[in-house]
Amino acid sequence: MSSVEARLAELGLTLPEVVPPLAAYQPAVQSGVYVYTSGQLPMVEGNLPVTGKVGAEVTPEEAKELARTCALNALAAVKSVAGDLDRVARVVKVVGFVASASDFTGQPGVVNGASELLGEVLGDKGVHARSAVGVAVLPLDAPVEVEVQVELTGA
């Protein structure tokens, strides 16, 4: 078991299977020393546990937990191309999309769920640049979607 996966286990988390694509794309691709994930929905065992807009049908607290799930799914996608999460030199960028009610402005707090999980799992390697964007709707009426860019070590 890699040290990153050991850390996940310490946190009571299990790396899930890679979420299959919903359309014509790959869950993650590597270009040079970088891995770019596609947007990851908060799928759990093939299902979307919650749908709707944050600030309406979904609370910010629920959405923050869903963003954590998105980040966990992103780590699974990274591993699928990198082979080992111990190869992650650092998380470079996180982009979070939040399906928001028209008056909801707490997107950064929601996407903190993803950022905090990456920090808990990867320590200083999880510190990253980030965008948190409010959108009208996401695929499958998901409340949150997260994409991640990581830099790998050469090994």
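A: Happy to: let's start with helix H1 (residues 3-10) and helix H3 (residues 107-122), which pack at an angle of about 115° with their axes 8 Å apart. Here helices (H or I, at least four residues) and strands (E, at least two) are DSSP runs numbered from the N terminus, and axes are lines fitted to C-alpha atoms, for helices over the stretch in contact, with angles from 0 to 180 degrees between N-to-C directions. This is a predicted model, where local features need pLDDT of at least 70 and side-chain atom pairs pLDDT 80 or more, while totals for chains, interfaces and linings use all residues. Residues are numbered from 1 along each chain as its sequence is written, and side-chain values use heavy atoms, without hydrogens and water.

Where H1 meets H3, Val4, Arg7 and Leu8 touch Glu120, Val121 and Leu122 (contact means heavy atoms within 4.5 Å).

Next comes the open sheet, whose 5 strands run in the order E1-E2-E5-E3-E4 with mixed pairing (two strands pair if DSSP finds at least two bridges between them). Its edges are E1 (28-31) and E4 (129-135), each pairing on one side only, and the twist averages 15° from one strand to the next. Within the sheet, E2 (residues 34-37) and E5 (residues 144-152) pair in the antiparallel sense over 3 bridges, and tyrosine 36 stands opposite glutamine 149 in E5.

Helix H2 (residues 60-82) lies across E1, E2, E3 (88-99) and E5, at about 40° to E5. H3 packs on the sheet as well, touching E3, E4 and E5, and its direction makes about 145° with that of E4.
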